[in-house]
Amino acid sequence: CSLSCSPKGFPKLKNDTFLRAARGEETEHTPVWCMRQAGRYLPEFRETRAAQDFFATCRSPKLCCELTLQPLRRFPLDAAIIFSDILVVPQALGMEVVMVPGKGPTFPEPLKEVEDLLKLRQKVDVTAELGYVFQAITLTRHSLEGKVPLIGFSGAPWTLMSYMTEGGGSTTMAKAKSWLYRHPEASHRLLRLLADVVTDYLVGQVAAGAQALQLFESHAGHLGPEQFQEFSLPYIRDIARGVKSKLKAEALPLVPMIVFAKDAHYALRDLAQAGYEVVGLDWTIRPQEARAQAGKDVTLQGNLDPCALYAPKEKIGELVKKMLEGFGTQRYIANLGHGLYPDMNPEHVGAFVEAVHAHSRHINKH
């Protein structure tokens, strides 16, 4: 079945540059999107979100659709990413998460002891618990009218576990990491449970209309190489394998998968062989080095320092050009090395997107 036909009668895709790059096919220009492109840096986002509790917004398919589409009305991005949050998964397991202004996501009752694992749902019906995300994806896929592909996503098990045990964000993740040292077996039980839920959740997103998937291991940097090998990588691999075999079994499209493990350049070789078509990179690694470690069989995505967008527009153009020369324009998806920050100027985001298109077209011609 080609890109144009689909079970839910979705509109025909007009710009598949992002999907082709993800699969390693040739592209006329380098595709570009931004992590957190639907975000507080846009005045229209702040307006839409103003009256609503954060997680109430996540549970409204209509609002998620609107927020997902906003950046595409402004910028010629090559992909949309559904507006949601990685912490809807712990909620599906029965944990309470609240968004505290000025503090971020907070778990009033984090997992403190091994016995607390018994409070979690051991079997999660993702359609019952996370159906609102699937509805948002289907609605958005129709509303995009085939303009660009839609990316679905989830947090990876270790990152989710770190929030669930820490109780929120942290600079050290000491409580979460103490679980790995004090309760390795219980940690593996929790990570396995999370990996199973995430697998079903990602498959459900494809069934709902997602055309690519990104797994966010945002807290990889808190682990060293050994702990990453034990508590993160096996689950990242299992999710890729599990999602692909379930998609096949359910006769769903085999969509490209992206793994983004922030600050885990020590594991780049392993990540490149973990079963994902695309490896996302943060800004702490040189393009040439990343390419050498990842090899030629995966597409790389990233990795401009988000703070580069504070620079004047001409400077952003120069930095983009340098980044494209480092990665090459093929088997590459341009992005930032992490999400956009709330105080960024939308015009500078536009300058970034346009510079990627202009410079990559120029390089391809010459």
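User: Is cysteine 58 buried or exposed?
Analyst: The model is predicted, which is why local features need pLDDT of at least 70 and side-chain atom pairs count only at pLDDT 80 or more, while totals for chains, interfaces and linings use all residues. Residues are numbered from 1 along each chain as its sequence is written, and side-chain values use heavy atoms, with hydrogens and water left out. With a 1.4 Å probe and protein chains only, a residue is called buried under 20% relative accessible area, exposed over 50% and partly exposed in between. Cysteine 58 has a relative accessible area of 1%, so the residue is buried.

User: How many disulfides does the structure hold?
Analyst: A disulfide is a pair of cysteine sulfur atoms within 2.5 Å. The closest cysteine sulfur to that of cysteine 58 belongs to cysteine 64, and their distance of 5.6 Å is too far for a bond. For cysteine 307 the closest cysteine sulfur, in cysteine 34, lies 14 Å away and is likewise too far for a bond. By this rule the number of disulfides is 0.

User: Is cysteine 307 buried, partly exposed or exposed?
Analyst: The relative accessible area of cysteine 307 is 36%. This residue therefore counts as partly exposed.

User: Which kind of aromatic pair do phenylalanine 216 and phenylalanine 260 form?
Analyst: Rings of Phe, Tyr and Trp (its six-membered ring) pair if their centres lie within 6.5 Å; planes under 30 degrees apart are stacked, over 60 edge-to-face and the rest tilted. Phenylalanine 216 and phenylalanine 260 have 6.2 Å from centre to centre and 85 degrees between the planes. The geometry of this pair is edge-to-face.

User: How many residues apart in the chain are phenylalanine 216 and phenylalanine 260?
Analyst: Helices (H or I, at least four residues) and strands (E, at least two) are DSSP runs, numbered from the N terminus. Phenylalanine 216 belongs to strand S5 (residues 212–217) and phenylalanine 260 to strand S6 (residues 257–261), and the pair links distant parts of the chain. Both phenylalanines are buried. Their separation in residues is 44.

User: Why is the pair of phenylalanine 228 and tyrosine 266 given its class, and what is that class?
Analyst: Phenylalanine 228 lies in helix H10 (residues 225–231), and tyrosine 266 in the loop between S6 and helix H12 (268–272). Phenylalanine 228 is buried, at a relative accessible area of 1%, whereas tyrosine 266 is partly exposed at 30%. Because the ring centres are 5.6 Å apart and the planes stand at 85 degrees, the pair is edge-to-face.

User: How many aromatic pairs does the structure hold?
Analyst: Ring pairs also link Phe45, Phe54, Phe55 and Phe83 into a cluster. For the structure, the number of aromatic pairs is 8.

User: Which element gives the largest share of the lining of the largest pocket?
Analyst: On a 1 Å grid over the protein atoms alone, a cavity is a set of points where a 1.4 Å probe fits but cannot get out, and a pocket is an open set with protein on both sides within 12 Å along at least five of seven lines; lining residues have an atom within 4 Å of a point. The largest pocket holds about 1300 Å³ of space, where a volume is the space filled by probe spheres set on grid points joined across faces, edges and corners. Of its 41 lining residues, Arg36, Arg40, Phe54, Asp85 and Met99 are the closest to the centre. Helix H2 (43–49), strand S2 (98–100) and strand S3 (104–106) each give two or more residues, and the largest share, 3 residues, comes from H2.

User: How many charged residues are in the lining of the largest cavity?
Analyst: Ala, Val, Leu, Ile, Met, Phe, Trp, Tyr, Cys and Pro count as nonpolar, Asp, Glu, Lys and Arg as charged, and the others, Gly among them, as polar. The largest cavity has about 60 Å³ of space, and its lining includes Asp263, His265 and Asp282. That lining has 6 nonpolar and 2 polar residues, and its number of charged residues is 2.

User: How many of the residues of helix H7 are buried?
Analyst: The buried residues of H7 include Trp158, Tyr163 and Glu166. Helix H7 (residues 157–166) is largely enclosed by the rest of the structure, because its count of buried residues is 10 of 10.

User: Which residue follows H7?
Analyst: The residue has a positive phi, near 95 degrees. Its name is glycine 167.
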